[in-house]
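Dear colleague,

I am passing on the structure we talked about. Please look it over before reading the notes below.

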Amino acid sequence: MSVTQNKPIRYDYTRMMAGAVGAAHGVAAAELKRFAKKAAQSARAVQSLYDSGQLPFMDLPAKTRQAADIARYAERCKQYENFVALGIGGSALGTIALQSALNPAFYNLMPAAGRGGRPRLFVEDNVDPDRIANLLEVIDPRKTLFNVISKSGSTAETMAGFMVARDAVARRVGVKNLKKHFVATTDKEQGHLRKIVDREGWDSFVVPDGVGGRFSVLTPVGLLPAAAVGIDILALLKGAAAMKRRCSGDSLESNPALLAAALQFLACTTKDKSINVMMPYSQGLRDVADWYRQLWAESLGKAVNRAGQTVHAGQTPVKALGATDQHSQVQLYNEGPNDKTVTLMRVESFRNPLPIPPCHSDIGAIAYLGGRTMQELMQAECRATEKALTDHGRPNSCFIFPAVNAHTVGQIMFLLEMQTAYAGEMWDINAYDQPGVEAGKIATYALMGRPGYEKQAEAIRKSEAALKPLVI
């Protein structure tokens with residue numbers, strides 16, 4: 001890896017401050033200085049949780065031996081034409097983000113030779129029947145490896161997808177050959193999927209204990225699909241490890257994740273900025289913003305704090321894409337309610353700057369673009385949005401990528417995970433559970449007739465019967 005590829009991402013928070021956007025909406029330097037003690041306490045609290053073994057996601061950058069094993073297994077995946085990941089939420093969003101950021105935009109349309117003999121990647125993270133049926137129409141199950149991802153093995157969406165895929169494969173290759181077409185990522189010893197793995201002799205990888213789905217991208221959950229399509233997962237971990245070193249202290253002046261958490265917390269709680277827009281100026285980073293949405297929302301959106309007091313904490317994450325959403329969302333961000341912070345991502349060096357050939361020299365409104373590059377245009381668009389937001393008094397910050405590669409993507413993912421952990425301490429909530437999600441899971445189990453959920457099904461029936469339908 002070159003020195004350029006090893007460069008750190010940088011965090012520009014100039015325009016989050018009162019000096020740029022005004023005291024009513026920006027954080028004053030004195031406010032941030034006063035908050036430094038609380039921020040340091042939050043950093044030490046996260047470190048204490050880690051030291052006591054409660055935050056194993058922080059150990060993941062060091063799991064290079066496991067990554068090497070995954071990379072070796074990924075070489076075997078070249079025998080397949082397709083790799084289908086079956087998961088939902090944290091079992092899918094990280095994989096989608098890695099594929100979008102680190103492989104060519106139209107990877108699946110490239111010939112096998114152009115993909116280095118690697119399979120095409122499909123991530124099925126929903127239960128839409130039309131989409132799943134269409135996938136099975138366009139891929140050959142005989143040439144496909146399905147990666148079933150569920151720690152418990154009882155995730156309804158994932159296991160339903162598995163059951164449909166299993167039937168499709170069995171009809172083409174026979175039940176005896178099923179194990180050649182399935183690999184699981186699940187619990188080491190327990191759960192329903194582990195029972196299937198042991199019973200049918202599948203290959204499998206382990207979801208580490210204590211790592212929740214939204215923090216699992218650097219486990220086999222994300223690393224296996226990424227390696228199968230040729231992503232350098234060791235470089236990904238090296239980038240995360242480099243960021244872990246940067247995020248290890250309790251000083252706002254040296255820890256970018258702690259600083260970013262503090263600014264978002266202060267913006268939300270003292271400046272009424274209840275929405276955080278993440279807006280990458282890179283098509284490849286668009287799905288990193290999507291991954292971040294789950295991380296920030298599911299971790300921080302909590303009804304009660306650790307003392308049991310009702311707080312309804314959290315900041316709503318929204319994804320946008322530069323420059324696309326300059327023509328759809330930025331009107332609202334500039335002139336609508338001033339209830340948002342905007343986190344931009346700017347790339348200094350794209351893989352292909354793409355020159356704009358000179359053309360129509362007699363039309364000044366077009367000719368000026370000739371001889372420039374699409375990279376320059378994208379960078380100018382980002383700077384223009386920064387200026388427009390700032391001129392309208394809208395707080396914004398920017399993560400600056402020297403380039404988009406495995407090392408920098410590893411950096412940003414680990415930084416955002418640490419930012420989330422620190423913010424959880426600032427809000428004094430449990431950032432690692434998801435009771436609001438569990439309620440929906442239980443209702444789904446009841447409605448679909450899962451054994452053991454009969455009482456819940458009856459309660460749903462009664463509550464629905466008590467409502468007067470209002471339908472037009």
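Is C77 buried or exposed? In this predicted model, C77 is buried, with a relative accessible area of 1%. C247 is likewise buried, and its relative accessible area is 3%. C247 takes part in no disulfide; the nearest cysteine sulfur belongs to C398 and is 17 Å away. A search of the whole structure turns up zero disulfides.

The largest pocket has a volume of about 1200 Å³. Its lining counts 42 residues, and S100, P104, A105, Q283 and G284 are the closest to its centre. The elements that give two or more residues to this lining are α4 (93-102), β3 (120-124), α5 (129-138), α11 (286-300), β9 (340-349) and α14 (374-391). Of these, α14 gives the most, with five residues. Sorted by class, the lining of the largest pocket has 22 nonpolar, 14 polar and six charged residues.

The second largest pocket holds about 850 Å³ of space. It is lined by 35 residues, with G212, G213, Q434, E438 and K441 nearest its centre. Two or more residues of this lining come from each of α6 (156-173), α11 and α16 (435-447). The largest share, five residues, is from α16. By class, the lining of the second largest pocket is made up of 13 nonpolar, 16 polar and six charged residues.

Regards

How values were computed: Residues numbered from 1 in each chain as written. Predicted model: local features only at pLDDT ≥ 70, side-chain atom pairs only at ≥ 80, totals over all residues. Heavy atoms only, no water. Disulfide = S-S within 2.5 Å. Buried < 20%, exposed > 50% of the residue type's maximum accessible area, 1.4 Å probe, protein only. 1 Å grid on protein atoms, 1.4 Å probe; cavity = no way out; pocket = protein on both sides within 12 Å on 5 of 7 lines; lining within 4 Å. Points joined across faces, edges and corners; volume = space filled by probe spheres on them. Helix = DSSP H or I, 4+ residues; strand = E, 2+ residues; numbered from the N terminus. Nonpolar A, V, L, I, M, F, W, Y, C, P; charged D, E, K, R; others polar.
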